[in-house]
Every structure is written in structure tokens, then in C-alpha cells.
Amino acid sequence: MQKYTASVITAGCLWGLMGLFTRTLATYGVDSTGAIVLRCGIAALLFAVTLLVRDPKQFRIRLKDIWCFIGTGICSLVFFNYCYFNAMQQTSLAVAALLLYTAPVFVMLMSLLCFGEAFTRTKALALLLTFSGCACVTGVFGSSLTLTLSGLLYGLGSGFGYALYSIFGKYAVRKYSSLTITAYTFYLALIASWPLADFDYQRLVAIDLQAIGSALGLGLLSAVLPYLLYTKGLEQIEAGQASILATIEPFVAAAVGVIFFAEALTPVKIIGMGLIFAAIAVLNIRRA
């Protein structure tokens with residue numbers, strides 16, 4: 001069980017690195033929607049090569065199961081990114097990030113209905129610690145909370161879409177390997193997100209090694225590996241617990257901001273990081 005827990009936590013850490021790559025690519029004219037397509041495209045290519053070399057049979061899926069991959073790729077990955085980027089435009093970055101991390105609440109509720117997972121006091125405590133920690137790390141307490149109705153709906157939509165991967169992924173792991181699931185997730189996400197992008201792909205030919213490295217990092221380190229690890233974790237961990245374990249992401253994102261972009265490490269952020277670790281500890285003590 002410990003290796004599955006470690007897989008989910010590692011996935012959250014890798015997702016937290018995404019800002020490092022997207023900020024670098026932004027200097028080369030790659031906007032948020034372009035980053036989605038670039039991320040999905042590189043991931044889809046890497047998965048295709050991996051499947052061809054490792055086991056071409058894993059390309060095979062039943063047509064009747066395509067709904068699982070539509071769920072993980074389009075309903076989750078594309079939808080949550082679309083809502084999240086719109087939320088960032090209509091409210092503060094801190095509020096948008098906090099609303100994104102309502103995802104564990106949605107996962108808990110949907111897991112109760114879909115899988116009969118119990119909503120225990122331990123989960124409730126971990127959920128409270130997680131949400132409080134994310135509020136501290138994202139800087140909500142120190143920001144001006146201007147929130148429109150559309151901003152709120154987009155923010156909640158991002159959290160809901162983020163949560164859907166755990167639900168559809170939990171269904172998919174019953175029949176397919178984590179490699180097949182994540183591969184088809186990105187194939188469908190690429191198809192759905194391509195029309196949304198608005199940047200000149202020809203510029204990629206002329207950019208330097210730093211940009212190429214950031215693009216590869218975005219595809220490999222913040223897409224391929226974390227989704228593989230998270231899906232692997234869903235094989236043995238309840239979807240609700242996995243969603244909370246993965247919220248180590250804002251801790252890593254905050255650390256990246258401090259180390260690489262000289263962002264301030266305030267006492268409130270430190271408290272938030274501690275609360276997130278406390279939530280993870282609570283869930284692991286329960287299983288010990």
C-alpha cells in the first residue's frame with residue numbers, strides 16, 4: 001500500500017513543477033491554451049512511442065469503454081484547464097487556485113455515490129486541513145477577494161473537472177493498465193484542445209534549448225509521469241484519499257516560486273505547507 005501512496009504523492013510533487021515550465025514558455029509567446037496543447041501533444045507522442053516499444057497490445061481498448069477515456073481526457077483534463085484559465089482571468093490568481101482545490105470535496109462526494117467509499121471523520125479532518133493549507137499557500141488571506149458569479153462558477157468548474165479524473169480513472173483501472181489509461185487520456189485531450197490554442201507553432205522551430213527543455217519538461221515531468229503515477233495509485237487507494245494526497249502540489253508550486261522566481265515565503269505560506277503535510281500524515285496514520 002505504501003508504494004501506491006508514494007506514487008500519488010510523487011504525482012502531486014511533479015504537478016507542482018508545471019509553473020516552472022509554463023512561465024518559461026510564456027516568454028516565448030506560448031500562452032495558457034497553447035501550453036495545454038503543447039503539454040498534451042508531447043505527452044501523446046511520448047506515450048505512443050512507449051506503447052510501441054514496450055507493448056503494442058496496450059493500444060487495444062474496447063469501443064464500449066471509450067467513455068472512460070473521454071471522461072479522463074476531455075471532461076477532466078481539457079474542461080478543468082479551460083475553466084481554470086477563465087477563472088484566473090475573472091478573479092485573482094489566489095482565489096482561482098483555491099477554488100481549483102475544492103477538487104477533493106467533489107471527489108469525496110462522487111466517490112460516496114459511485115463507489116460507496118465511506119466519508120469518515122479522518123477524511124473530514126484531512127479535508128479541512130487540506131483546504132485550510134491551500135488557502136494559506138495560495139495567499140487568499142492576504143489578497144483582495146473580488147469574486148464575480150462567473151469567476152466563482154469557472155473556479156468551481158475547474159475543481160469539479162479536476163476531480164473527474166479520479167472518478168473516471170477509478171473505473172478505467174478495473175480493465176486497463178495505467179499506461180493505456182494515461183495514453184488515451186492525452187490522445188483525446190489533444191484532439192479536443194487543439195482548436196483552443198492560439199499561438200504560432202512555427203516559432204518552436206526557432207526557439208532555443210531552454211524553451212525546448214521547458215516544453216519537454218511540461219510534457220514529461222508535469223504530464224506523462226504524474227498521470228501515470230496517480231493512475232497507478234488509484235489501483236489500490238480510494239479516490240477520495242488519493243485526491244487529498246495529491247494536494248501536496250501547491251506546496252511544491254510555492255517552493256518553486258520561492259526558489260526560481262524569488263517569491264516571498266511568508267509565515268502564512270509556511271503554516272499552509274504544514275497543514276497540507278498534516279493532512280497527508282493523518283491519512284497515512286489511519287492506514288498504518
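Which residue with a positive phi follows H7? The residue after H7 is Gly139, whose phi is near 85°. Before going further, note that this is a predicted model, in which local features need pLDDT of at least 70, side-chain atom pairs count only at pLDDT 80 or more, and totals for chains, interfaces and linings use all residues. Residues are numbered from 1 along each chain as its sequence is written, and side-chain values use heavy atoms, with hydrogens and water left out.

Taken as a whole, the protein has 14 helices and zero strands, where helices (H or I, at least four residues) and strands (E, at least two) are DSSP runs numbered from the N terminus. The radius of gyration is 18 Å, close to the 19 Å that the globule rule gives for 288 residues, so the protein is as compact as a globular protein of that length; the radius is taken over C-alpha atoms, and the rule is 2.2 Å times the number of residues to the power 0.38. Along the principal axes, the C-alpha atoms fill a box of roughly 45 × 40 × 35 Å. Of the 288 residues, 53% are buried, a word that stands for under 20% relative accessible area, while exposed stands for over 50% and partly exposed for values in between (1.4 Å probe, protein chains only).

Helix H7 covers residues 121-137, and its end C-alpha atoms are 24 Å apart, which agrees with the 24 Å that its 17 residues should span at 1.5 Å a residue; the expected span is 1.5 Å times one less than the number of residues. Among the buried residues of H7 are Lys123, Leu127, Thr130, Cys134 and Cys136.

The cysteines lead to another topic. A disulfide is a covalent bond between the sulfur atoms of two cysteines, counted here when the two sulfur atoms are within 2.5 Å, and the structure holds zero disulfides. Cys136 is in none, since the nearest cysteine sulfur, that of Cys134, is 9.3 Å away, and Cys136 is buried at 8% relative accessibility. The sulfur of Cys75 is 11 Å from the closest cysteine sulfur, in Cys68, which is too far for a bond; Cys75 counts as partly exposed, at 31% relative accessibility.

On the surface, finally, Val53 lies in helix H3 (residues 32-54) and counts as exposed because its relative accessibility is 68%. Together with Leu45, Val49 and Leu52, Val53 forms a nonpolar patch of about 420 Å² of accessible area. Accessible areas come from the Shrake-Rupley method with a 1.4 Å probe, and for residues only the protein chains shown count as cover.

Definitions and conventions: Patches are made of residues with over 30% relative accessible area and no salt bridge: like charges are joined within 9 Å, nonpolar side chains (Val, Leu, Ile, Met, Phe, Trp, Tyr) within 5 Å. A salt bridge is a side-chain nitrogen of Lys or Arg within 4 Å of a carboxyl oxygen of Asp or Glu.
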